[in-house]
Amino acid sequence: MSLAHENITVAPLVLLSVLDHYNRTNTPANKRCLGVILGDSSTNTIRVTSSFALPFEEDEKNPDVWFLDHNYIENMNEMCKKINAKEKLIGWYHSGPKLKASDLKINEVFKKYTMGNPLLLIVDVKQEGVGLPTNAYMAVEQVKDDGTSTEKTFLHLPCSIEAEEAEEIGVEHLLRDDRDQAAGGLSIRLTNQLKSLKGLQRKLKDIVSYLTRVINGELPANHAILGKLQDVFNLLPNLGAPDEDEMNLNNKEIIKSSNNLQKALTVKTNDELMVIYISNLVRAIIAFDDLIENKIQNKKLQEKSEKDKEQHEKSNDIETKNNSSKSESKESSK
């Protein structure tokens, strides 16, 4: 079940194009829109850069009955090659939000238009939760554990949203109108962290739900998924094991002293508070130094002004004496 491609990157323009297709065709809530995705699949990472819509109809009662315009695909593909020859037809998309029963058959149709295994991109146009609105899949042959014949199934691939520099400028310009202008940088960061935590919580609930259904026998055990989960658990830090100097204690004392997570959080919090305390202390010392310097400058200015005033008074006295002596000399001469 190994694939030549490991990651999928989707340009924001594709998401806007799919959303515009869904709204423009006024797709009912119980139906989906379908289209073609273009990009580059020559490396380990598939880059989805563009897309175009397709006329598509399917029967609600019978999933095997659906219509896809092959001539339209061929004509649009030829026109896209004239615009940008680097973009190849690499797969198809639909508005989901989940996989449908007819997806494998539709995927087989797109094989004759792609160079290899077509990529299926599901875009949730009415996303209610947190996280990315995209899911990428590729069809693979699944080998069953019971030795029966293999069958086609979709393998989920990690997907991310990446934009080039020109696209980032456009996306930031669009988000500027949607973002709350009164919110500061700290508020935006906290909101993003809250959304990330909600997304993590939703993923953990999906894992718990899957493992519960496997334990109850509702789903067969998939060793690939269980191996991935074991890798995740192996990456978690061992926060509950006691230290070497705590092994000689009894059980109650070990429980009290072996909470390494609490120790780590306490040490981290104390370090941060110490930095804040030292910063406030330095700021107070600097402010106090500025206050003393200001007092010294004011005192010097006051002394200077007093000296100038005394000199001005002395000069006035001397001028007054000179004037009086001149007047006396004039009177004596008369």
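**Exercise 1.** In this predicted model, classify Arg213 by its relative accessibility, then describe the salt bridge that Arg213 forms.

*Solution.* 
Step 1. Arg213 has 38% relative accessibility and counts as partly exposed, because that class lies between the 20% and 50% limits.
Step 2. Arg213 forms a salt bridge with Glu218, and the closest N and O atoms are 3.5 Å apart. The cut-off is 4 Å, from a side-chain nitrogen of Lys or Arg to a carboxyl oxygen of Asp or Glu.
Step 3. Glu218, at 52% relative accessibility, counts as exposed.

**Exercise 2.** How are Arg24 and Asp20 placed in helix 1, and what links their side chains?

*Solution.* 
Step 1. Arg24 and Asp20 are four residues apart in helix 1 (residues 12-24), so about one helical turn separates them.
Step 2. Their side chains meet in a salt bridge of 3.2 Å, N to O.
Step 3. Arg24 is exposed at 53% relative accessibility, while Asp20 is partly exposed with a relative accessible area of 43%.

**Exercise 3.** Find the salt-bridge partner of Asp103 and state which parts of the chain the pair ties together.

*Solution.* 
Step 1. Asp103 forms a salt bridge with Arg32, with 2.8 Å between the closest N and O atoms.
Step 2. Asp103 belongs to helix 3 and Arg32 to the loop between helix 1 and strand 2 (34-40), so the pair ties together parts 71 residues apart in sequence.
Step 3. Asp103 is buried, at 0% relative accessible area; Arg32 also counts as buried, at 5%.
Step 4. A network of salt bridges links Arg32, Glu58 and Asp103. The salt-bridge count comes to eight.

**Exercise 4.** Which residues form one aromatic cluster with Trp92?

*Solution.* 
Step 1. The count of aromatic pairs is three. Trp92 and Phe110 form a stacked pair, at 5.6 Å centre to centre and 5° between the planes.
Step 2. Trp92 lies in strand 6 (residues 88-94) and Phe110 in helix 3 (residues 103-110), so this pair ties together parts 18 residues apart in sequence.
Step 3. Phe110 and Tyr113 form an edge-to-face pair, at 6.3 Å centre to centre and 65° between the planes.
Step 4. Trp92, Phe110 and Tyr113 therefore form one aromatic cluster.
Step 5. Trp92 is buried at 0% relative accessibility, Phe110 is buried at 0%, and Tyr113 is buried at 14%.

Note on methods
Residues numbered from 1 in each chain as written. Predicted model: local features only at pLDDT ≥ 70, side-chain atom pairs only at ≥ 80, totals over all residues. Heavy atoms only, no water. Phe/Tyr/Trp six-rings, centres within 6.5 Å; stacked < 30°, edge-to-face > 60°. Helix = DSSP H or I, 4+ residues; strand = E, 2+ residues; numbered from the N terminus. Buried < 20%, exposed > 50% of the residue type's maximum accessible area, 1.4 Å probe, protein only.
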